[in-house]
Amino acid sequence: MSGQSAESLAAQARAAEDSAVDEALALVNEGRRAGAFGAGRPGGGRPREPHGGSEHHPLQPLQAEAATAAGSSDRLGRPSADGTDSSDFLDHWDPNDRQDETAPADRPGREARPGAAHGTGPAHSTGPAHSTGPAHNTSPAHDTSPERQAASTAPVERPRHRAAAWAAARAVAQRAGRDAAALRGRTAERRVPLDLALGLTLAEPLVALCDLPSFDTSAMDGWVVAGPGPWDVRAEGILAGQDGPEPLSDGEAVRIATGARVPREATAVIRSEHGRTDAKGRLFPLRDVGHGQDIRPRGQECRSGDQLLPPGALVTPAVLGLAAAAGYDELPTVARPRAEVFVLGDELLTMGLPRDGLIRDALGPMLPHWLRALGAEVVSVRRLGDDPKALLKAVRSSDADLVVTTGGTASGPVDHVHPTLSRIDADLLVDGVAVRPGHPMLLARTKPGQYLVGLPGNPLAAVSGLLTLAEPMLRVLAGRPVHEAYTAPLRSAVHGHPHDTRLVPVALRGDEAVPLHYNGPAMLRGVAAADGLAVVAPGGARAGQELEILDLPWSWNPSGSDAHGYGQDSAGKGADKGRGKESGKGGAAEGCFT
Ligand SMILES: Nc1nc2c(c(=O)[nH]1)N[C@H]1C(S)=C(S)[C@@H](COP(=O)(O)OP(=O)(O)OC[C@H]3O[C@@H](n4cnc5c(N)ncnc54)[C@H](O)[C@@H]3O)O[C@H]1N2
Ligand code: MOO
């Protein structure tokens with residue numbers, strides 16, 4: 001050991017994290033200056049970083065893939081350093097679902113991803129035209145008006161930008177949470193009645209308001225005795241809840257119930273099965289009697305003023321019980337950060353079977369519960385269709401701490417998230433993350449104290465975005481303690497992406513993490529049977545390898561008080577206007593294990 005104090009080690013770790021975040025933000029900003037977001041400003045270059053380097057150390061800054069490198073580019077305009085277009089890795093290739101277990105990088109002549117996927121031809125270019133072409137732009141000369149974008153059937157020109165390394169993106173989100181929490185300060189503290197406090201975090205330490213137990217208490221049903229036996233048993237017993245029991249003299253016993261107050265002179269409690277009385281009413285012990293046995297002395301658990309729990313502790317049912325026992329009627333808590341969800345997409349139905357090219361909205365029913373489990377209060381879930389005006393209005397008028405959008409993050413003709421952020425002059429803090437699925441996810445500061453997480457529309461990609469960007473931010477905003485990462489060994493090998501981190505649904509069985517099938521970006525079947533997502537480094541992981549596991553934020557809505565009414569916004573153009581019906585979870589677990 002170096003002899004450094006825990007405080008100085010923590011300060012060093014914090015400083016390292018801060019500098020990683022600063023570097024990540026600087027890179028994003030460089031990308032912006034280079035035209036990634038709000039072009040027209042002079043760009044600054046960053047030297048190309050070595051390709052394929054490890055990118056998943058938490059403190060490592062954003063992974064930069066040179067935007068100007070010659071050769072092919074991926075679909076967001078980033079060149080891939082090995083000269084291949086990696087854009088379709090895993091989008092349409094689900095290694096756990098294929099007979100062909102050859103990793104895509106090893107498959108010569110694999111087919112290019114059909115440009116027709118978005119209906120209007122390839123939205124990305126592999127040629128230099130894209131990497132040198134006009135970037136997404138807020139200048140008047142470059143019309144990004146939503147009306148125009150909505151009217152366009154051509155793919156939107158996507159900017160060059162830089163995907164943050166997965167861990168760096170999480171660090172940026174965490175820092176955003178810290179900044180927002182600092183702005184909220186003590187205004188976020190609330191004294192909340194116990195019955196409304198479940199799931200919140202403590203804003204202050206939980207300090208005992210009394211001794212526990214607050215009087216000497218019998219731990220058993222039996223007799224309380226004074227001095228050595230045998231004892232004369234009194235006629236009147238002592239029940240729990242009775243105050244001021246009559247004093248006992250040596251040689252006396254009295255029947256007592258568990259939880260009853262023990263007379264001060266008592267020396268022991270004898271359990272009813274360990275004593276017997278004779279015809280004269282005298283009590284004899286059936287085994288040795290120890291001094292103080294089966295008496296819980298006052299203050300055994302805590303003394304008044306003792307700290308029972310630190311600030312940041314999650315209020316669980318047990319915490320509610322402890323707080324009540326220690327004398328609390330209300331708890332000092334951190335108010336849940338308020339979140340608002342905007343579900344984008346004209347193709348979404350809220351009930352019935354998919355039909356006529358329309359599909360069921362899988363995110364509206366899922367996200368509010370997960371956001372709540374992550375510590376947020378979901379004030380509304382609104383379906384805005386693919387209407388850029390509605391999105392602009394909704395984002396502008398939201399007073400939530402966190403706006404979550406789903407869909408519209410990529411470069412399709414109706415992907416309005418980037419243009420909207422551009423129009424409100426938001427700060428784009430994370431614009432794409434080197435993670436699969438979910439790489440178009442983004443994080444922006446929309447106004448002081450308010451952030452927007454843009455989740456990709458593909459459902460598993462949205463879950464990935466939720467855990468990558470929303471979770472670290474909400475954790476800090478909700479006052480929860482820093483997550484302690486844990487690992488589990490993989491039961492079977494998992495293919496990796498050549499450059500990006502993968503998040504793969506796993507079930508925890510015994511000590512192992514079992515990778516699940518049906519883990520494609522558009523699928524929920526795997527994650528519905530999962531306990532967590534395994535973090536797979538570029539290149540993959542072998543059987544037995546220890547991988548970090550991200551827990552899934554399972555629904556936890558004890559009060560049911562969130563106003564996540566699920567309706568069609570009046571401005572939206574969604575495929576139907578019904579109220580969503582949530583169906584039960586299907587039994588996808590069996591047969592999903594690899
Ligand atoms: N030319 C490019 N195309 C795509 C790119 C790209 O970089 N360039 N990225 C692909 C990846 S990766 C993802 S992920 C998606 C992200 O797309 P968006 O965030 O713009 O989402 P949408 O296009 O609106 O939807 C994608 C997909 O997901 C379905 N969807 C949307 N919302 C829901 C919902 N609430 N419930 C269920 N399914 C939903 C939607 O119908 C689409 O099928 O873009 C790729 N394309
Ligand atoms: O394939 Mo996208 O990265 O699913 O999220």
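A: Happy to. Keep in mind that this is a predicted model.

Q: How is the chain divided?
A: Into domain 1 (166-179 + 336-478), domain 2 (190-209 + 305-334), domain 3 (217-296) and domain 4 (487-551). The C-alpha centres of domain 1 and domain 2 lie 32 Å apart.

Q: Which residues does UniProt list for "domain: MoaB/Mog"?
A: The UniProt entry, which is unreviewed, lists residues 340-476 under that name. This span is 31% helix and 31% strand, and its end C-alpha atoms lie 18 Å apart.

Q: Now the packing. How many residues are in the largest nonpolar core?
A: It has 52 residues, and Leu 371 and Leu 443 have the most contacts inside it. Helix α9 (residues 459-477) gives the most to this core, with 10 residues.

Q: Which domains does this core draw at least three residues from?
A: Domain 1 and domain 4 each supply at least three.

Q: What does Leu 443 touch?
A: Leaving out residues up to four places away in sequence, its contacts include Val 172, Ala 173 and Ala 176. Leu 428, Leu 429 and Val 430 are also among them, as are Leu 469 and Met 473.

Q: What about the second core?
A: It is separate and has 19 residues, including Leu 200, Leu 202, Ala 208 and Leu 320.

Q: You mentioned β13. What is the strand order in its sheet?
A: The sheet is open and has 3 strands in the order β1-β13-β2, with antiparallel pairing. β1 (189-193) and β2 (201-202) are the edge strands, each pairing on one side only.

Q: How many bridges join β2 to β13?
A: There are 2 bridges between them. Leu 202 has Thr 333 of β13 as its bridge partner.

Q: Switching to the backbone. Where are the cis peptide bonds you'd point out?
A: One joins Leu 212 and Pro 213, with omega about -10°. Pro 213 lies in the loop between β3 and β4 (217-218). Another runs from Gly 229 to Pro 230, with omega near -10°. Pro 230 is in the loop between β5 (222-225) and β6 (231-233).

Q: And positive phi in residues other than glycine?
A: Asp 356 has a phi near 50°. Its place is the loop between β15 (348-349) and β16 (359-360). Asp 425 has a positive phi of about 60° and sits in the loop between α8 (417-423) and β19 (427-431).

Q: Is Asp 356 buried or exposed?
A: Exposed, because its relative accessibility is 69%. Asp 425 counts as exposed too, at 59%.

Key:
Residues are numbered from 1 along each chain as its sequence is written. Chains are lettered from A and ligands numbered from 1 in the order in which they are written. This is a predicted model: local features need pLDDT of at least 70, side-chain atom pairs count only at pLDDT 80 or more; totals for chains, interfaces and linings use all residues. Side-chain values use heavy atoms; hydrogens and water are left out. UniProt positions are given in the numbering used here, feature names are shortened, and annotations may be inferred rather than shown by experiment. Helices (H or I, at least four residues) and strands (E, at least two) are DSSP runs, numbered from the N terminus. Two strands pair if DSSP finds at least two bridges between them. Buried means under 20% relative accessible area, exposed over 50%, partly exposed in between (1.4 Å probe, protein chains only). Domain bounds come from an automatic or database domain assignment. A nonpolar core is a set of buried Ala, Val, Leu, Ile, Met, Phe, Trp, Tyr and Cys residues joined through side-chain atoms within 4.5 Å. Contact means heavy atoms within 4.5 Å.
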